[in-house]
Amino acid sequence: ITVSHSFSSVFQNVGRYKLADAQTQSARYELSATRAEIVSEVKSIYYQLVYYHAKMTLLRYEDSLYADFLKAAELKTEKGESAVLEKISVQTSSMELKTLINCTSSDISIYRKKLQALLNDDIPIDIADTVLTKIEFAEDTSAMINNPALALAKQQIEISRLETRIEKLKLMPDISVGYFNQSNKELNNT
């Protein structure tokens, strides 16, 4: 009677278990990194909208000033106090400003659509805070240490290390266990 069974190296199985565990952890880090990226993108678009709203406020104020300048230039031209060139110059500047207002309005519309797409919402989105305020930058090393993208990169390195180790373990010989029992009835009867 012969019974035998081959086992791949026990170290390979342990290595595969560690690799699977590392890949699971990598997926968690990837999810965390994706969430952080979306939050960062939403914040970025939000602050862009705040910026463009503040810019629009300033451009409208500047437009009202140019409208007053244009009225004054027209009066001066009618009374003969200045040449037509001054009026044309103010009109040109006013038209440039109106073009800039239209571009800024388009930028606001684009960023609203981007924010709506990121938030996956069908309702048009507008921001409540349109006043641009200065944000102080504080160097936060804990944010760098806890960065999900950095953790993901470290985990990818660990996965590569474990995959290399498993490949090296495959070069080790397999374990084979066998049992052999032979009996000879004729020798036992004598």
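Is I38 buried, partly exposed or exposed? In this predicted model, I38 is partly exposed, because its relative accessible area is 40%, a value between the 20% and 50% cut-offs. The residue belongs to helix α1, which covers residues 10-79.

Charged residues come next. Side chains of opposite charge can pair when their charged atoms come close. Across the whole structure, a search finds 3 salt bridges.

One of them joins K98 and D63, with 3.3 Å from N to O. This pair links distant parts of the chain, since K98 sits in helix α2 (residues 84-119) and D63 in helix α1, 35 residues apart. The two partners can be told apart by their accessibility: K98 is partly exposed at 36%, while D63 counts as buried because its relative accessibility is 18%, and buried means under 20%.

Another salt bridge is formed by K76 and E86, whose closest N and O atoms are 3.7 Å apart. K76 lies in helix α1 and E86 in helix α2, so this pair ties together parts that are 10 residues apart in sequence. Both count as partly exposed, with relative accessibilities of 34% for K76 and 31% for E86.

The salt bridge between E158 and R161 has its closest N and O atoms 2.4 Å apart. E158 is partly exposed at 27%, and R161 is partly exposed at 43%.

Terms used:
Residues are numbered from 1 along each chain as its sequence is written. This is a predicted model: local features need pLDDT of at least 70, side-chain atom pairs count only at pLDDT 80 or more; totals for chains, interfaces and linings use all residues. Side-chain values use heavy atoms; hydrogens and water are left out. Helices (H or I, at least four residues) and strands (E, at least two) are DSSP runs, numbered from the N terminus. Buried means under 20% relative accessible area, exposed over 50%, partly exposed in between (1.4 Å probe, protein chains only). A salt bridge is a side-chain nitrogen of Lys or Arg within 4 Å of a carboxyl oxygen of Asp or Glu.
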